[in-house]
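Colleague: Could you take a close look at the aromatic rings in this model, and at what surrounds them? Please give the cut-offs as you go.

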Amino acid sequence: GIALFMILMKELVDTEHSVGLWFTGDEEIGGFNGTKHVFESGYSCDVALLPDGGDRVGRIIRKEKGLTKIIFTAKGKSAHSSRLWQGNNAIDLMYSTIGEIRKLFIPLDQHPEDHWVSTMNLGKIEGGTDYNKVPVHASAEIDIRFTEDMDMDETVEKIRQLLPEGVEMEERRMGLGSVLPEENELVKTYLEIVKEVGRTPEFFDTHGFSDARHFGEHGIPAIMSQPDGEDLHGPNEWVDVASIEDYDLLVRKYIDRVSK
């Protein structure tokens with residue numbers, strides 16, 4: 001998608017199309033110094049095309065989940081493992097705390113088929129220095145992906161209330177999920193052109209998180225689709241070269257129609 005947009009911009013530079021291109025490098029960590037900063041610098045647009053979602057040219061992301069990260073630290077009391085009653089195990093304290101927090105979320109085996117529910121992942125846990133010592137410190141980090149049905153402020157407060165003495169937390173809210181306004185005329189035009197290039201438009205919801213939300217916060221539809229491929233971010237990631245031509249034609253026709 002990036003290569004395609006670079007070539008396209010080079011060809012449009014001498015035309016009267018009102019179109020711009022920006023690259024950012026911090027989407028994976030929130031986009032605060034990238035897309036958010038661009039808006040704060042005074043730039044804007046009527047519609048954005050993001051080749052950063054979906055796995056087919058005609059598959060368009062309708063909704064994304066929001067994201068927050070929480071870092072926990074636990075402080076216990078050190079002792080020799082042969083006299084563990086003289087200490088307070090920080091890892092045990094952390095482990096039991098995470099167990100209580102899990103109860104706020106639907107268990108994986110009870111998810112609906114589309115998994116469109118809020119989730120919590122324990123992505124990192126550290127603690128201890130040796131097998132024969134009661135650990136005095138422990139830390140953990142969780143990733144919460146939340147749907148529009150979860151009040152994240154309320155959930156964070158519930159988590160705080162679950163913390164026992166000795167455990168503290170720091171929340172890093174990345175942002176709400178994005179929602180594409182399907183009835184927007186610029187979105188409808190995109191769907192029409194998808195059909196014109198021989199593809200069938202299809203909306204779907206994704207569990208990921210992108211810079212699309214920064215556009216949504218400004219009332220700007222961010223249309224996310226891309227050439228055909230699979231296993232994004234995985235070891236077997238691939239893209240169909242022929243589909244790049246379809247996406248190129250789609251983007252060109254769309255810009256011709258809406259940006260003059």
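Modeller: A charge sits over a ring if NZ of Lys or CZ of Arg is within 6 Å of the ring centre and within 35 degrees of the ring normal. Lys65 meets that test: its charged end sits over the ring of Trp116, 5.4 Å from the centre. Arg59 does likewise with Phe204, where the distance from charged end to ring centre is 4.1 Å.

The model is predicted, so to speak of local features takes pLDDT of at least 70, and side-chain atom pairs count only at pLDDT 80 or more, while totals for chains, interfaces and linings use all residues. Residues are numbered from 1 along each chain as its sequence is written, and side-chain values use heavy atoms, with hydrogens and water left out.

Now the ring pairs. There are 5 aromatic pairs in the structure (rings of Phe, Tyr and Trp, the last by its six-membered ring, with centres within 6.5 Å; planes under 30 degrees apart are stacked, over 60 edge-to-face, the rest tilted). One of them is Trp22 with Phe39: the centres are 5.8 Å apart and the planes stand at 85°, so this is an edge-to-face pair. Trp22 lies in the loop between helix H1 (2-12) and helix H2 (35-40), and Phe39 lies in helix H2, so the pair ties together parts 17 residues apart in sequence (helices are DSSP runs of H or I, at least four residues; strands are runs of E, at least two; both are numbered from the N terminus).

Trp22 is partly exposed, at 30% relative accessible area. Phe39 counts as buried, at 9% (buried is under 20%, exposed over 50%, partly exposed in between, with a 1.4 Å probe and protein chains only). Phe39 also pairs edge-to-face with Phe215, at 5.2 Å between centres and 80° between planes. This pair links distant parts of the chain: Phe39 is in helix H2 and Phe215 in helix H6 (residues 212-216), 176 residues apart. Phe215 is buried, as is Phe39. Together, Trp22, Phe39 and Phe215 make one aromatic cluster.

Last, a sheet. An open sheet has 4 strands in the order S5-S7-S3-S8, with antiparallel pairing (two strands pair if DSSP finds at least two bridges between them). Strand S5 (119-127) and strand S8 (167-175) are the edge strands, each pairing on one side only. Inside the sheet, 10 bridges join strand S3 (residues 66-75) to strand S7 (residues 137-146). Phe72 has Ala140 in S7 as its bridge partner.
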